[in-house]
Amino acid sequence: MNLSGLTGLLIDDNNDMRAALRAQLSAAGLERCDTARNVKEAVDRVSRQRYDLIVCDYNLGQGADGQQFLELVRRKQLLPLSCAFLMVTGENGYEQVATSAEYAPDDYLLKPFTADTLATRLTRILDKKAALQPIYRWLGKKPDHTKAIAACDELLAAGGRYSLDALRLKGELLLAAHRAEEARALYASVLAQRATPWASVGEARALIALGEEAAARERLERAIEAYPNYLAAYDALAQILLKADKAAAQAVMEQALKVAPSTQRTREVGTLAFEMGDYARAEAAYQRVVDKDRTGFFKSHDDYALLAKSRLEQGKTAEALAAVKDMGAAFARSPELEARQAALECQAHAKAGNGAAAQAALERALVIQAASSLDPHAALEVAQACFAGGKPEDAKEIIRHVAENHHEDDAMLARAQAVFARAGLHDEGTLFLEATKKRMIKLNNDAVALAKSGQLDEAIAMLTEAADRLTNNAQIALNAALALLMHVQRAGGDEMALARARGYIAQAKAANPEHPRLIELTNLYRKLAPPDAPPLEEA
Amino acid sequence: MDALVAAVIHDAKNALMALDARLAEAESRPVSTDFATLRGSLARIAQELAELLTLYRAQQGALRLAIDDHDLLDFLDELALELGPPPEGIALKLDRAAAQRIGAWAFDAHLVRLALADALRNALRHAKTRVTLSLDQPAGGGIRFIVQDDGPGFPAPLLAGEEQVASAGGTGLGLLFARLIAAHHATPDGRHGRLELANDGGAVFSLYLP
């Protein structure tokens, strides 16, 4: 049992505990170990360096906890699967850690423990990670489920002490790959041997995927009874109920929130309450979100916006304006922040019948909107204010721009639709957004058809014009790059065209680094560019 | 008991851990102190506080087990590590072969480890020559941990089901705790865990998990 030669990060806000843990890690042979006192320092560390192992205390002070940190770095993919993450906790945090559904630590350890126990646990995690590496290698930023499942099968065929882990991973992968029938068979075979929560919930999830929701629901209710801490059971049950009975879904989500009062869960409860028109409940949820996190690290502009809006819907204008003010104090100044504040103020004043104040706030919002290229969320808030302040044409112009830039992003289009719906224009919004989406698809198709029929210059003109206007639309930028590269392919080395193509690939990457066609275009560029051309950064 | 008690317990546990680290540090230097005894009592305080906190939570209706799969061999090894070497003249045998044969089981490892560590410490105090921890799969499903010693056995009133929370030697808290957490283990088809005490050439403590 020796951790020498590895690099570690220790995260704890308590000086004494940090010193004690550092001494224990050092006794286990870990000499290269950085420390962080809070979430900010920890995020800085993992952004800059790869660690073999992280030991993190659950309680990080100022309303922040290790679970939030883990979720953040996993979501941002700052933590490779090969890094061992051990959470250290007292009795108070242990339930939260032991129950976390989606972003669970590799293991957790309850205080107090000895240096031997700490070293044993870390060694065991690292051992397991090494054994599962043949599966993990297919689960990076671009997961390949089929290959990962094949790797699971190889490990299972070889037997060995991590077979159960491989089996559990295989179940998850089968579900992710929409192979529900195989997933169901896998879980049923485990349950025939013994009762265990992951197989119970896995089987129910397979049943949901197979359309057998009544059976899934019945199993999940019994699973929650037996394993009241197993959050994945609540999540799966809420997923079923959301379609048919939002109130029942809400009850299940509130129940899960009692088990694990995480910020993300509180936020989900608030969002659902808001959608259902239960504004008092939405307000309470968002109040908790903004109050809990005193570091400001885990909350967003959206949290304050929804807090303000749920107050507004209850006629509490002054309180809504107070939330807008608090929002300003919680974040660093930026055009996004100021545009959102002005847009929300406009909506508050308009709702209270204070026309002059609403117009003044709207003017401020529009000035910022015109001067900066706002992120789509802030832009849609300004659009909402335009509807509230009697400028529906400005609202539609803003929404058009957002929708054209994000015509492949269903979540963003739904958000745009919600702006119409709140302005009482649900049907108009549906038509408007459908038309926008179709227009963008047609533009792409027409240009590709032109290119194929030999009218490459026309295609290039059409696509580059659109790409220069819609800088956040990855697909258009990629098609513009494609047309330019086709021109290079046909006419030979054209430095200007190559440089422009390179620019559009970079633009697409900035807009959506996950775009499925990014690699294809990057490869085509590399093939065509002369060796002395400026290189593309790694895609 | 109120929330303050829980908070004090929590603080005390942190203090214990810091002290434990200091001891480990001092241990690496050549000083003649009976560290084994020191750490033994520390472990016992920590154990009792953790059990007390769990009972408190159950009383508040806030005890929810964290059930997940655990490799039984790892589990036994860690238990042995936590207990340290047995007192002189007493042999402690863990049935590692059975653990390996059964493989993994779903249970709350933290709480079950506490219950078994307590039962084992208790058995080691009363045993004449040996203590065993064995493991099997009884008919009807589930697994059974059996702690057995060759001491005088459980007192008759205890076998009759009487709780002795304040009894000499402090066994009452441990048994109350073991019974509570066994009963809290359940399966979706409605089976529950339980505790059985018997005398058979010494005390036999059987913890059933569904």
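A helix axis here is a line fitted to C-alpha atoms over the stretch in contact, and the angle between two axes runs from 0 to 180 degrees between N-to-C directions. Keep that in mind as you walk through this predicted model.

**Stop 1: α13 and α14 of chain A**

Select residues 263-275 of chain A, which form helix α13, and then residues 279-292, which form helix α14. Their axes come within 8 Å and cross at roughly 155°. Angles over 145 degrees count as roughly antiparallel, and α13(A) and α14(A) are therefore roughly antiparallel to each other. The crossing of this pair is left-handed.

Now show the side chains. On α13(A), pick A:T263, A:T266, A:R267, A:G270, A:T271, A:A273 and A:F274. Facing them on α14(A) are A:Y279, A:R281, A:A282, A:A285, A:Y286, A:R288, A:V289 and A:K292. Coloured by class, this contact shows seven nonpolar, four polar and four charged residues.

**Stop 2: α8 and α9 of chain A**

Next, select residues 180-193 of chain A for helix α8 and residues 197-209 for helix α9. Their axes are 8 Å apart, and the packing angle is about 155°. Because of that angle, α8(A) is roughly antiparallel to α9(A). Here, too, one helix passes the other in a left-handed crossing.

Which residues make the contact? From α8(A) come A:A180, A:A183, A:R184, A:Y187, A:A188, A:V190 and A:L191. From α9(A) come A:W198, A:A199, A:S200, A:G202, A:E203, A:A206, A:L207 and A:A209. Eleven of the contact residues are nonpolar, two are polar and two are charged.

**Stop 3: two loop residues in chain A**

Go to the loop between β5 (107-110) and α5 (115-136) of chain A, where you will find A:P112. A cis peptide bond links A:K111 to A:P112, with omega about -5°.

Then move to A:Q77, in the loop between α3 (66-75) and β4 (84-89) of chain A. Is its phi positive or negative? Phi of A:Q77 is positive, near 55°, and the residue is not a glycine. For background, most residues other than glycine have a negative phi, and most peptide bonds are trans.

**Stop 4: where the chains meet**

Bring chain B into view. In the contact between the chains, 35 residues of chain B touch 39 residues of chain A. Together the two chains bury about 3300 Å², 52% of it on carbon and sulfur atoms. Highlight B:M17, B:R64 and B:P188: these residues supply 23% of the area that chain B buries against chain A, more than any other three residues.

For a pair of helices spanning the two chains, select α5(A) together with helix α3 of chain B, residues 72-83. They pack at about 160°, with axes 10 Å apart. That angle makes α5(A) roughly antiparallel to α3(B). This crossing is right-handed.

The contact uses A:D116, A:T117, A:T120, A:R121 and A:R124 of α5(A), along with B:D74, B:E78 and B:L81 of α3(B). By class, one of the contact residues is nonpolar, two are polar and five are charged.

**Last stop: colour by pLDDT**

Finish by colouring both chains by pLDDT. Chain A averages 91, with 99% of its residues scoring at least 70. Among the elements of chain A, α8(A) has the highest mean pLDDT (97), while helix α4 (residues 91-99) has the lowest (70).

Chain B averages 85, and 86% of its residues score at least 70. Select residues 165-169 of chain B: the pLDDT there is below 50, and the stretch has six contacts in the model beyond near neighbours in sequence. Where pLDDT is low, the predicted coordinates should not be read in detail.

Notes:
Residues numbered from 1 in each chain as written. Chains lettered and ligands numbered in written order. Predicted model: local features only at pLDDT ≥ 70, side-chain atom pairs only at ≥ 80, totals over all residues. Heavy atoms only, no water. Helix = DSSP H or I, 4+ residues; strand = E, 2+ residues; numbered from the N terminus. Parallel < 35°, antiparallel > 145°, perpendicular 65-115°, else oblique. Left-handed = near helix turned anticlockwise from the far one by under 90°. Contact = heavy atoms within 4.5 Å. Nonpolar A, V, L, I, M, F, W, Y, C, P; charged D, E, K, R; others polar. pLDDT = per-residue confidence, 0-100. Buried area = accessible area lost by both parts, 1.4 Å probe.
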